[in-house]
Amino acid sequence: MDDLLAVIAELGLELHPDRISTVASKIETLGSVEQFALTRSSFGPNADKELVGRLDRAWRNSKDTSPSDVASALRGASAAAVLRENRGAVELVWTGPSTGQVPVRHTEQVLCEVIEAAKRRLFLVSFVAYEVDSIIRALRGAIGRQVQIDVLLESSDKHGGRVTYDSVKAMKSILPSIDVYVWSSDRKSLPGQLSGAVHAKCAVADGELAFITSANLTSAAMERNMELGVLVRGGELPFELHRHLEALISTKVIEKLNEDNDQ
């Protein structure tokens, strides 16, 4: 039973409350855990399949727990997660081998959540960006909501940067309406500025939700690498990070690509 409650608690953190409501309503229609396969589509396409599988196994090991009990526990876990979020919270985010001992959320789901949460302004920072279909889909959704999207990337070595792949060109070709920034070509002449690389990785939505991570915007970082980060909801940190990124623009530490300096 403890294993089942632990998995349910993880799902409460992992899934949006509306998704939990859908899952719980579906589970209530089951006759027993033997029909669990009927619920899988209700978890949605982006749900952690391994976590859903753990719920199935944990429930089978606690067969005396009724579908209504599992549904109620899911709703309770989701309500607790929402309460914690409203109070302001920091969550651990991890991609890589799972121990099953500590509830963590995965990088790809969290990054998509930040993008999907943006209502007005989204700022992404990464060293490189490629082969991230789920992130591109989320960004297209944000564009459809009229969200202003700023992306800071490392220039390719052909343009004075430290990476061979031209993420800047690729990002602009896929999402031409977004604003892409690079480290200013004049940075060596700015006080206190040295030649270096854009090695930060983060995402900030509306100055209210911030994801700080070791993960680049790549399929390897989303799926295979060990990557560690934190998701910060509310409080001063998301606002301060947003202000800092905007200040990099206003002080000309970074510059927006346009027709004159397009890479």
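Student: What should I know before reading the values?

Tutor: This is a predicted model, in which local features need pLDDT of at least 70, side-chain atom pairs count only at pLDDT 80 or more, and totals for chains, interfaces and linings use all residues. Residues are numbered from 1 along each chain as its sequence is written, and side-chain values use heavy atoms, with hydrogens and water left out.

Student: What makes up the secondary structure of the protein?

Tutor: The protein has 9 helices and 10 strands. Helices (H or I, at least four residues) and strands (E, at least two) are DSSP runs, numbered from the N terminus. The C-alpha atoms fill a box of roughly 70 × 35 × 35 Å along the principal axes.

Student: How is the protein divided into domains?

Tutor: Domain 1 covers 3-87 and domain 2 covers 89-256. These bounds come from an automatic or database domain assignment. The C-alpha centres of the two domains lie 31 Å apart.

Student: How many residues does each domain give to the contact?

Tutor: Domain 1 gives 10 residues, and domain 2 gives 10 residues. Contact means heavy atoms within 4.5 Å. The two domains bury about 970 Å² between them, 42% of it on carbon and sulfur atoms. Buried area is the accessible area (1.4 Å probe) that two parts lose on being put together, summed over both.

Student: Why is the pair E14 and R105 called a salt bridge?

Tutor: A salt bridge is a side-chain nitrogen of Lys or Arg within 4 Å of a carboxyl oxygen of Asp or Glu. The side chains of E14 and R105 meet at 4.0 Å, N to O. The pair therefore counts as a salt bridge by that rule. The count between domain 1 and domain 2 is 1 salt bridge.

Student: Which elements on the side of domain 1 that touches domain 2 give two or more residues?

Tutor: They are helix 1 (2-14) and helix 4 (67-87). The residues of that side divide into 2 nonpolar, 1 polar and 7 charged. Here Ala, Val, Leu, Ile, Met, Phe, Trp, Tyr, Cys and Pro count as nonpolar, Asp, Glu, Lys and Arg as charged, and the others, Gly among them, as polar.

Student: Where do R105 and E14 lie?

Tutor: R105 is in the loop between strand 1 (89-95) and helix 5 (107-117), while E14 is in helix 1. The two are 91 residues apart, so the pair links distant parts of the chain. Both R105 and E14 are buried. E14, E91, R105, E113 and R233 are linked in a network of salt bridges.

Student: Why is D56 called buried?

Tutor: Buried means under 20% relative accessible area, exposed over 50%, and partly exposed in between (1.4 Å probe, protein chains only). D56 has 11%, so D56 is buried.

Student: What makes R40 and R60 partly exposed?

Tutor: R40 has 37% relative accessibility, so R40 counts as partly exposed. R60, at 30%, therefore counts as partly exposed too. Both form salt bridges with D56: R40 at 3.3 Å, R60 at 2.7 Å.

Student: Where do D56 and R60 lie?

Tutor: Both lie in helix 3, 4 residues apart, about one turn of the helix. The protein as a whole has 16 salt bridges by this rule.

Student: How do you know that L241 is buried?

Tutor: Its relative accessible area is 18%, so L241 falls under the buried cut-off. L241 lies in helix 9 (residues 236-250). Leaving aside neighbours within four places in sequence, L241 is in contact with C202, V204, A210 and I212. Across the protein, buried residues make up 48% of the 263 residues.

Student: Why is Q146 called exposed?

Tutor: Q146 has 67% relative accessibility, so Q146 counts as exposed. Q146 sits in the loop between helix 6 (133-144) and strand 4 (148-153).

Student: What makes K252 exposed?

Tutor: The relative accessible area of K252 is 60%, so K252 is exposed. K252 is in the loop between helix 9 and strand 10 (254-256).

Student: What is phi at Q146 and at K252?

Tutor: Phi of Q146 is near 70°, a positive value in a residue other than glycine. K252 has a positive phi of about 65° although it is not a glycine. Most residues other than glycine have a negative phi.
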